[in-house]
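Please open the model in your viewer and keep the selection tool at hand. The tour moves from one selection to the next and says what is found at each stop.

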Amino acid sequence: RILNILVLGLQTLMLLSRSRIASCSVVFCSRIFKVQLTASYLHFSTALPTIAMKPNPPLCHEPPRVIAFDLETLGSEVAQNEEKLHLVYQNSRKLQVAVLKAKSSSEGLGNGEVGKLLQSLVADEAPRSAREANLSYRVEEYVRLKAFQAFLETGTLLPPSECIYATDEEYLAGACMGLSQDLAKYAMGRATARDVESVTIARNLVQEIQTQLLQFDFRNGPLRRKFDGTKYALKTVETLLYELSVTGEELSNGPEAKRMKEDFSALVPAEELDALRQRMVHRDDLREKLIKECRDGQKAAKQSIFALHRGDKEKSKELLSKCETCIQDNLLPIIVEEPQLRSGSFSNVLEEYAEGKLFYTWLFGKEDDSESPTGELLQPQEFAIELNPAEYLGGLCDLTGEVGRYAVQRGTIRDTDGVRLALHTNSRILGAIQSMERIPSAVNKKMDQLRRSVEKLERMLYEMSLSEATGRRVKTSAEETNVTETNANIDN
């Protein structure tokens, strides 16, 4: 700055004096000063890149109070379950290969090796809990092959009492519906050899199986679809008998055949099948009762979350207690009696309950005495109701949506600390789930939604910082979201 002032002074002096000497002095001095200025500028410019190569670290949106949260123990539990499941898949494949070999061999199941392998994988008596991996399909295939061998030996249906290791559903799918398909294939082979008697015996058994299955009330599911195949199997066998008759073979249509038709019921264990049907009717009643009770529990959990957003702590606490009582008194006894009903409506109730309980604790703390959000998160073992990893993680992922809605409310009143706490919570949850050794497959579909919630909260904080820096009221994404939700509530 001093050099520029001197140059400017000499130039002014030159204009005033308009003398040759002054002009030469100014040119000489200005050249010297310009060289010095250029050297100084070059020296500064070479040092400038060194300063620019050291940026600040990423911005960490840390709230005033940071709570440690990790899911390492839960990740180890999930990994152990996955390893056990993988081992069951391997053993299930071994059983499948053994059944296929027995089916293609002349001995069938006579050597007993397949039975020993089955006994090493399943209990002596069929449990009502869901089997691991695809082991249920392997048991069904084994029962199907055993029922076909029983038909070849006796011409009758294998009774359920000889398959106590199989569930009722596995018996029906294998020994009844699957056997009907095998008998249709068997009848075609015997029809090729013009063996009318064997085809007739197969037709009679398939017809009686369909008669017994018509008394069942199958709901939409695998058994209903397999039952539809039984009538096509019967049609196939009857068509074979018709084609044999029109090609010269004589069918048994005399008095002896009529007496045999009256005795078709002896081909199947009618009493055992009726008892099986009664058990399935009871399970269907339990399922319908469970679905109705689940509606009440899920509704209470949802309304408790709405109450928390309204700031009604006491109402939310009452509704959560109501949901917990519904689960323990009305739903869990049904699940204990029929464990297969846990997946579906009951799991959805547990996820909703976990979400409400987590959100309540996040707002008021584990001691329930905080006036402002604490950011505390419950671990699976801290719930009054036992949750499996998928149910807990499902509720934890859903919690991020409620935390995001809370951040929108705080953003509209320019509460930067509240939005920062929400962002920190969702970031902790995302990092904890991603760092787990294994993640349940049911949780993977919620991960994209969790990542988007973190990005939205980061954008919200950035827009709030713009508003504070300019001193003007800038309409943030939080206000736009709040207006959209308000308009939607008005429309509703």
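Throughout this tour, a residue is called buried under 20% relative accessible area, exposed over 50% and partly exposed in between, with a 1.4 Å probe and protein chains only. This is a predicted model, in which local features need pLDDT of at least 70 and side-chain atom pairs count only at pLDDT 80 or more, whereas totals for chains, interfaces and linings use all residues. Residues are numbered from 1 along each chain as its sequence is written, and side-chain values use heavy atoms, with hydrogens and water left out.

Of the 492 residues in the protein, 42% are buried. Among contacts (heavy atoms within 4.5 Å) with a separation of 6 or more, 75% are between residues 24 or more positions apart. If you switch to a surface view, the accessible surface comes to about 28700 Å², with 52% of it belonging to carbon and sulfur atoms; such areas come from the Shrake-Rupley method with a 1.4 Å probe, and for residues only the protein chains shown count as cover.

Next, select Gln 212, which lies in helix 7 (residues 196-213). Which residues is Gln 212 in contact with, once its neighbours within four places in sequence are left aside? They are Val 268, Ala 270 and Leu 273, and Gln 212 itself is buried, at a relative accessible area of 10%.

The following stops concern salt bridges, each being a side-chain nitrogen of Lys or Arg within 4 Å of a carboxyl oxygen of Asp or Glu. Side chains of opposite charge can pair when their charged atoms come close. The structure holds 26 salt bridges, including the one between Glu 141 and Arg 138, whose closest N and O atoms are 3.0 Å apart. Because they are 3 residues apart in helix 5 (residues 135-154), Glu 141 and Arg 138 are separated by about one helical turn. Glu 141 is partly exposed, at 27% relative accessibility, whereas Arg 138 is buried, at 8%.

Now select Glu 351 and Lys 446, whose side chains meet in a salt bridge of 3.2 Å, N to O. This pair links distant parts of the chain, 95 residues apart, with Glu 351 in helix 12 (residues 342-364) and Lys 446 in the loop between helix 15 (441-444) and helix 16 (447-470). Glu 351 counts as buried at 19% relative accessibility, and Lys 446 is buried as well, at 15%.

Move on to helix 14 (residues 416-434), where Asp 417 and Arg 420 are 3 residues apart and thus separated by about one helical turn. Their side chains meet in a salt bridge of 3.0 Å, N to O, and Asp 417 is partly exposed, with a relative accessible area of 42%.

Finally, select Lys 299, Arg 310, Lys 315 and Lys 322, which form a positive surface patch. Patches are made of residues with over 30% relative accessible area and no salt bridge, like charges being joined within 9 Å and nonpolar side chains (Val, Leu, Ile, Met, Phe, Trp, Tyr) within 5 Å. Lys and Arg count as positive and Asp and Glu as negative, while His and the chain ends are not counted; the place of a charge is taken as NZ of Lys, CZ of Arg, CG of Asp or CD of Glu. Helix 10 (270-310) and helix 11 (313-337) are the elements that give two or more residues to the positive patch. Arg 310 lies in helix 10 and is exposed, with a relative accessible area of 60%.

Methods:
Helices (H or I, at least four residues) and strands (E, at least two) are DSSP runs, numbered from the N terminus.
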